[in-house]
Amino acid sequence: MRIILIHPNYHSGGAEIAGNWPPAWAAYLAGALKSNGFTDLLFIDAMTENISDDDLKALIAKEKPDLVGCTSITPSIYKAERTLQIAKEAHPDCVTMLGGVHATFMFQQVLTEAPWVDVVVRGEGEEILVELARAVESGQWPANRNDIKGIAFTDQTADGTQVVATAAAPTIKDLDGISPDWGILKWDMYKYIPMNTRVAIPNMARGCPFTCSFCSQWKFWRDYRVRDPKKVVDEIEELVTKYQVGFFILADEEPTINRKKFIQFCEELIARGLNKKVQWGINTRVTDILRDEKLLKFYNEAGLMHVSLGTEAAAQLKLDLFNKETKISDNKKAIRLLREAGIVCEAQFIVGLDSETPETLEETYRMAMDWKPDLANWSMYTPWPFTPLFKELSDKVEVFDFDKYNFVTPILKPAAMERGELLDRVMNNYRRFYMYKAFFSYPWSGTGRRRRYLLGCLKAFLKAGFERKFYDLGRVGYWGPQSKKKVDFHFDNTRSKAFGQTADWEANADRSRKANTPAIVSACGGGTEQMAEDAECAALQAKVMDKADGAGAVSRH
C-alpha cells in the first residue's frame, strides 16, 4: 500500500526566519507505520521546498497513493485542506486524512468546509494511523470506520450529512516504543541560520501537567508523559552521527518541569560526549530558572545554548491579567542568571491585547532594555479557537480567518489603537532593540560560541528583514511609520466564528484542573506551578552540584 505524508506549504514570517524546520511529526508517524509493515511511504515537505499546487498535483498523480495524510496547526489549516483537495483531484481513489491540533478540536468545521477530507485523526496519531492504514489496506475502509477509535468523518444518513466522531483513542503509554524514521527527511534542506548547521526538533515529553486556559498542548496530548532520557539521547545521537545535526530544539513546551528527568537528560548528553558535538535550545519559565539557579552552568555544560523565557507581562499592573504571579525583578534576575551561566536568553513579550496602548508597548521596550536579554521577541496575542480562553474573549475577537492566527498578525484590535499602529509600534521596538544590540552588544560578547551564535541570530534577523519576510511585512505592505495607515492584513471576512469540540477530551485532561480557575492571557512560560519532587531527584541534584563545585564549573560559552 502506497502512503504519502505531506507538510502543507504555509508561510507567515514567524519562526521560519531562523531557518527551515524539519517536520518531526512526519518522522514519528513514518516510524510507527514502517514498524508495522507499511514501508511504501513517501514524505513531501511542500513548505520547505515551496512546492506549487500544480507541481504537487502532478507528483501525487504520478505516485497514485492509497492514503494521503496531512497535518495542520491553526494558521495552516486552509493550506492543509487545499493540499488534500489537490490529492483528491489528482487521484480520486485515495483516502485523505488530516491530523494535528487544529483538526483534532475543530473537526466539525473542517469536515463541513472541506468535504474532500475523508477522515480526521484526533490526538496523537501513531497508533490511530496504523489502524487506519490497516483498514484501507484490507478493504475494510470505509465500512468498518466506526470501529476505529480517535477519528472523525462525515456520514450520509436519511437526514442528510452528519459529522461522526468515534470515541477518543487512549493516549500512547509507551512513548519509548516509538522509533521515529528521520531518514524520510531531506536533511540538506533543514538549516538553522544562526549556526549554519542542520537542525532537528525531537521531544522528551508529551503534554503538560498543568492546564493553563490559554494553551492547547495539555488538551491535545491529554496526559503528561515523559520519555526515558536515555532513549531521547539515543535519538539525538542518531541525529548527530547519522544526519549531521548540529543544533536541536526540544519540542516540549517546558522540558524543565520535570527536573529529575531533565537532569538525567543532561547527564546522558555529557556522558556520551554529545555536549561537544551538538548545541540545543528550550522554552521554559522564569520560575524554573530561579529554582535551578545552581544548576544553570551544568545545563550549559550539557550543551544548552538558548533559552526562551515567557516574560511577556507588559507592566507590573498587568501581571494579574497575565497570571504571571511573579515580579518584574524575578524576570530580570532569571535573565541575568542565564547570561552569567553563558546561556543565550530570549525574552518573549505578548502584545496585542484589547487593552494595549502605545504606552504599554513602550513599557515592554523599556523592560527589554533594562532586563538585558540577548534576544527579544514581540508576538501578537493569538487566541486558539479551541481553548477555554477563546470563549472568555469571544466577544472581543472579530477575526476568524485562521490563516492569520500566526503570532505576527493582530487578531484582537486594541481599543486605543488601530492594527496598523500596533504593528508599527512593535516594529519600532524591534528596530531600536536590535540596532542597539548590533552596534553595542553582540560584537563585544566575548570570542566563543556565544558571540558567534548571537551574530548568527542577527544575520537571520537582518536577512528576513531585507527579504521582507519578517513578520510578513512584504505581504501586508508595511514599509515603515509612513505606511502604518495603509497596512492591509488581508483578512478573509467571510470566515465565521466556530468553537472547538472538546467535551470528550476535557473529561480526561481536566481531572487535575483546579476548580474556578480564572481565565488568563499569557504564553509558554506563563505558569508557576511546580511538580512534586522525590528524594531521588534531590539526591540527583546534589550529586550534580557537588561535581560542579569540585570542578569549579564555568560556562562553556
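Predicted model: local features only at pLDDT ≥ 70, side-chain atom pairs only at ≥ 80, totals over all residues.
Biologist: In what order do the seven strands of the open sheet with β1 to β7 lie, and what is the average twist?

Modeller: The pairing in this open sheet is mixed, and the order of its strands is β2-β1-β3-β4-β5-β6-β7. Its edge strands, each pairing on one side only, are β2 (41-45) and β7 (160-165). From one strand to the next, the twist averages 25°.

Biologist: Why is one side of β8 and of β16 left without a neighbour in the sheet?

Modeller: These strands belong to an open sheet of seven strands with mixed pairing, ordered β8-β9-β12-β13-β14-β15-β16. Because β8 (191-192) and β16 (375-380) stand at the edges, one side of each has no neighbour in the sheet, and each is left with a single partner strand.

Biologist: At about what angle does α15 run to β16?

Modeller: A helix that packs on this sheet is α9 (residues 259-271), which touches β12 (245-249) and β13 (279-284) and has a direction at about 175° to that of β13. As for α15, this helix lies across β15 and β16, and its angle to β16 is about 175°.

Biologist: Which element gives the most residues to the lining of the second largest pocket?

Modeller: This pocket holds about 420 Å³ of space, and its lining comprises 17 residues, with Arg431, Phe461, Leu462, Gly465 and Phe466 lying nearest its centre. By kind, the lining divides into 13 nonpolar, two polar and two charged residues. At least two lining residues come from each of α15 (419-440) and α16 (449-466), and the element that gives the most, with six residues, is α15.

Biologist: Is the peptide bond from Trp141 to Pro142 cis or trans, and where does Asn196, with its positive phi, lie?

Modeller: Most residues other than glycine have a negative phi, and most peptide bonds are trans. With omega near 5°, the bond from Trp141 to Pro142 is cis, and Pro142 is placed in the loop between α6 (126-138) and β6. Asn196 has a phi near 50°, and its place is the loop between β8 and β9 (197-200).

Biologist: What radius of gyration does the protein have?

Modeller: The protein comes to 19 helices and 16 strands, and its C-alpha atoms fill a box of roughly 70 × 55 × 50 Å along the principal axes. For 557 residues, a compact globule would have a radius of gyration near 24 Å, which agrees with the protein's own value of 23 Å.

Key. Residues numbered from 1 in each chain as written. Heavy atoms only, no water. 1 Å grid on protein atoms, 1.4 Å probe; cavity = no way out; pocket = protein on both sides within 12 Å on 5 of 7 lines; lining within 4 Å. Points joined across faces, edges and corners; volume = space filled by probe spheres on them. Helix = DSSP H or I, 4+ residues; strand = E, 2+ residues; numbered from the N terminus. Nonpolar A, V, L, I, M, F, W, Y, C, P; charged D, E, K, R; others polar. Pairing = 2+ DSSP bridges. Axes fitted to C-alpha atoms, helices over the stretch in contact; angles between N-to-C directions. Rg over C-alpha atoms; globule rule 2.2 N^0.38 Å. Contact = heavy atoms within 4.5 Å.
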